[in-house]
Amino acid sequence: MRGSWNLGRVAGIGVYVHWTFLLLLLWVVGGYLVAGFSWAAAMEAAALVIVVFGCVVLHELGHALTARRYGIVTQDITLLPIGGVARLLRIPEDPWQELIIALAGPAVNVVIAAALIGLLVLLGQIGNAYNVAFEGGHFLVNLMWINVLLVAFNLLPAFPMDGGRVLRALLGFGLPYVRATQIAARLGQVMAVLFGIAGLYVNIWLVVIGIFIFMAAQQELTMAKTRAAMEGALVTDAMLTHIPTAQPSEMLDGGVLDAAAACHHDIPVVEHGHVAGLLKRSDLLVAVRGGQQRTPVSQWMRTDFPSVQNTQSLHQAYEQMQSTGLTTVLVLHDHRLLGVVTGRSIADWAADRVAHRQGDFPTSPPPSSDQPHRDRDVASYEPPTQPMHR
């Protein structure tokens, strides 16, 4: 995610923290100081938050490493004020696999809580286990109960949180994938509204989590319907053929900017009939803002562009969008450009296909740009995590 700092890699998975996480720490420290607690107590509370989010990382790794067993790659894990987000490239449609992946995260928190109970026994502090006081209480006792709460909260059937994914997996044993997703998503949105209402009286973070869950549930439903509509389709079915192109030696202000303004996708760069790269619209914007319109396309184009052959399935192009974070995939035949497939073109084609079947399909384009599948969790709640997994 943009605005995130790299904390390193764990088990080959990049771990990031979003800058907004600092807002949570400031909110905790400020709240303690306003309430009259000492700086020492405020710093201990901040330390507890940091350690809790360490548990969130372990929770997300539980999802990620379990998903790896089924050949599902996790791009990264990002910490947000409301929890962790593990970006899985896809969520399996096999109910058993989704069930196991969804339960793996909460299982990690169960293990952590059990380990903390054992540590309290060794320290002779188990008698304090029931003396819960998040303001000034025993650090290990608080951490233990927070992990218990994370398990309970994440297993609420608020799709796409872990409990919602468990629900969809269970429904998937007897219902089609899209129908199971629809039921889980609608229930998740109902719970999101309840979170928002409760947050007005309990804690403002519940409102934020509720908004996130509501939007994420709709997004996941859209993705499920999109994937269902793509069954059996080729990339040429949703391919755009009347597209502008650029040459590597061409200056940005030599017509490239006008071409970008006239279309809604990235521009293929072609040289001597072969594709040389892809010019992203966002990179063009950076060039314009930097006053570098008089620079060649070759300075800004990407050479690691996603591409598919014209005989490949539309689903393969869609997966490339999710894995690369780009919304434009080039369609080639013997290294020559035939056209492009975009998130918008897939959505428009799918909507038209379902309309002819008199079905119902969302008109918004499938998410692609900076989200592969996230698994959502809440701190663990992972309040969110998808393609996220929490």
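1. Arg165 and Glu98 are both buried, and in this predicted model their side chains meet in a salt bridge, 3.6 Å from N to O. Arg165 sits in helix 5 (residues 162-172) and Glu98 in helix 3, so the pair ties together parts that are 67 residues apart in sequence.

2. If you're going through the charged pairs, a search of the whole structure turns up seven salt bridges. One to look at is Glu93 with Arg227, at 3.0 Å from N to O. This pair links distant parts of the chain, 134 residues apart: Glu93 is in the loop between strand 4 (83-88) and helix 3 (95-122), while Arg227 belongs to helix 7. Glu93 has 38% relative accessibility, so it counts as partly exposed; Arg227 has 13%, so it counts as buried.

3. Then there's Arg294 with Asp253, where the closest N and O atoms are 2.9 Å apart. Arg294 is in the loop between helix 9 (281-289) and strand 7, and Asp253 is in helix 8 (residues 252-262), so this bridge ties together parts that are 41 residues apart in sequence. Arg294 is exposed because its relative accessible area is 60%. Asp253, with 35%, is partly exposed.

4. Now for the nonpolar surface. A patch with about 1200 Å² of accessible area together includes Leu187, Ile197, Leu200, Tyr201, Phe214 and Met215. Helix 6 (177-201) and helix 7 (204-229) are the elements that give two or more residues to this patch. Helix 6 gives the most, with seven residues. Leu200 is in helix 6, and its 64% relative accessibility is why it counts as exposed; the cut-off is over 50%.

5. Strand 7 and strand 8 (residues 328-333) pair in the parallel sense, over three bridges. Within that pairing, Val308 has Val331 of strand 8 as its bridge partner.

Technical notes. Residues are numbered from 1 along each chain as its sequence is written. This is a predicted model: local features need pLDDT of at least 70, side-chain atom pairs count only at pLDDT 80 or more; totals for chains, interfaces and linings use all residues. Side-chain values use heavy atoms; hydrogens and water are left out. Two strands pair if DSSP finds at least two bridges between them. Helices (H or I, at least four residues) and strands (E, at least two) are DSSP runs, numbered from the N terminus. Patches are made of residues with over 30% relative accessible area and no salt bridge: like charges are joined within 9 Å, nonpolar side chains (Val, Leu, Ile, Met, Phe, Trp, Tyr) within 5 Å. Accessible areas come from the Shrake-Rupley method with a 1.4 Å probe; for residues, only the protein chains shown count as cover. A salt bridge is a side-chain nitrogen of Lys or Arg within 4 Å of a carboxyl oxygen of Asp or Glu. Buried means under 20% relative accessible area, exposed over 50%, partly exposed in between (1.4 Å probe, protein chains only).
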